[in-house]
Amino acid sequence: EDRNPNELEFQQAVKEVLDSLIPVLVKNPTYIQQGVLERMIEPERLITFRVPWVDDNGKVNVNRGFRVQFNSALGPYKGGLRFHPSVNASIVKFLGFEQILKNSLTGQPIGGGKGGSDFDPKGKSDMEIMRFCQSFMTELSKHIGPDIDVPAGDIGVGAKEIGYMFGQYKKLKGAYEAGVLTGKGIGYGGSLGRKEATGYGTVYFVEEMMKDQGSSFDQSTVVVSGSGNVSIYAMEKAIQLGAKVVACSDSSGYIYDPNGINLDTVKQLKEVDDKRIHEYVKEHPDASFEIGCSGIWSVACDIALPCATQNELDKEAAEMLVSNGVKAVGEGANMPSTQEAIDIFLDNEVLFAPAKAANAGGVAVSALEMAQNSTRLAWTEEEVDGRLHDIMKNIYRNSLEQSKAYDAPGNFVVGANIAGFVRVADAMIEQGII
Ligand code: NDP
């Protein structure tokens, strides 16, 4: 805390991980002797830079850009870029730290990184977004590359922004390095199935957890927060598996549809028209809209999938979900549940899938995109989805095994942290004190 004052989100993420690693450290003192923890919580590099751009009125704006290159023990730094007014050093460091362990869990050769800017894409014209992305990449390009650091999308950064950034990188380098960014458009090196990967992966993980308990998505009632990339495809897979999704949200409030959310309408509003979620009720008169996002957790459900943002599900929300009989919670977003909320789920034997395991499908398919770019081949959607499904099952099995090995069977917070940590820690030790 002394070394990172005012970085509350980063402190929260590190504390959650370190608490769960105590049994591993007790059993393997080498990790302590080799200073693995101290090294792992200190980024290899944190880059901060000025992003000047001119808006449509000719006014000069200055935003702040970040890239944290946290850990390269397993491969090039890998992690998304977030464009949102709340982005600061604490947010990118918390996300980057979690990313190290998440990427390790996927079993793929990728290190951990994260970045972004306090730029708010909401209400900006396409040309403003393009100028911002170009300015952002002008600086970022000095620090990334297919074997160095491979950014992707996150909140506020989708295929459009990745496209503008890729174009600028190509122009600056004078070379077509397809593997420098993931989440690209399908026509120029993007992977089929990437858009769906995080949401589908979250549902695949929860499905495994439920299968072990003799239940499933089929006939279940599901609530999914957010209505962005992760939420939409979590809803899609849940519906495909026979669930009824009754509520979703955006940062203004949530909709409840007793007939089951019509995903075509949500996709049209969010992916095509860039509208607010309350517009949904115009087309579906049985549905209702409530202002405020946390109210969504008062909707009774069997499965809750928080897929919006950090700390969106607190103690009161967890108590409400438990009193309404929730059976499973799967984190599609990064750190959406507060520590108190997680404790409530675990104390009440709710199946709980933590973010770094449950939402690892996005980065896993990003690594598959890198593999396709390296070989200059493009796989079919079935091939990618099949690999994603296998990766999520593996993450589930590894996390379960580690939770059993360390006397916390079925505690996936412990299991995932340990499984992710051990692979990175061993690689760091083998590579010496650097
Ligand atoms: P998007 O920008 O596509 O969507 C975010 C959604 O969350 C929007 O609907 C946004 O609404 C909504 N939202 C924001 N704050 C709140 C809030 N307080 N309450 C309710 N809704 C809110 O982002 P993604 O879907 O890509 O990312 C969502 C989460 O998933 C993030 O935590 C991200 O880090 C994580 N993640 C994403 C991956 C990916 O592949 N995209 C991979 C792994 C993790 P509004 O439009 O009003 O802002």
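Residues are numbered from 1 along each chain as its sequence is written. Because the model is predicted, local features need pLDDT of at least 70 and side-chain atom pairs count only at pLDDT 80 or more, while totals for chains, interfaces and linings use all residues.

Helices are DSSP runs (H or I, at least four residues) numbered from the N terminus. Axes are lines fitted to C-alpha atoms over the stretch in contact, with angles from 0 to 180 degrees between N-to-C directions.

| Pair | Axis distance | Angle |
|---|---|---|
| Helix 5 (residues 126-140) and helix 6 (residues 159-173) | within 8 Å | roughly 45° |
| Helix 8 (residues 229-240) and helix 9 (residues 263-272) | 11 Å | about 165° |

Helix 5 and helix 6 are therefore oblique to each other (angles under 35 degrees count as roughly parallel, over 145 as roughly antiparallel, 65 to 115 as roughly perpendicular and the rest as oblique). Their crossing is right-handed (the near helix is turned clockwise from the far one by less than a right angle). Helix 5 contributes Ile 129, Met 130, Cys 133, Gln 134, Phe 136, Met 137 and Thr 138 to the contact, and helix 6 contributes Glu 161, Tyr 164, Met 165, Gln 168, Tyr 169 and Leu 172 (C-beta atoms, placed from the backbone, within 7 Å). These residues divide into nine nonpolar, three polar and one charged (Ala, Val, Leu, Ile, Met, Phe, Trp, Tyr, Cys and Pro count as nonpolar, Asp, Glu, Lys and Arg as charged, the others, Gly among them, as polar).

Helix 8 and helix 9 are therefore roughly antiparallel, and their crossing is left-handed (anticlockwise in place of clockwise). Ile 232, Met 235, Glu 236 and Ile 239 of helix 8 meet Leu 263, Val 266, Lys 267 and Lys 270 of helix 9. This contact has five nonpolar, no polar and three charged residues.

Notes. Helices (H or I, at least four residues) and strands (E, at least two) are DSSP runs, numbered from the N terminus. Two residues are in contact if their C-beta atoms, placed from the backbone, lie within 7 Å.
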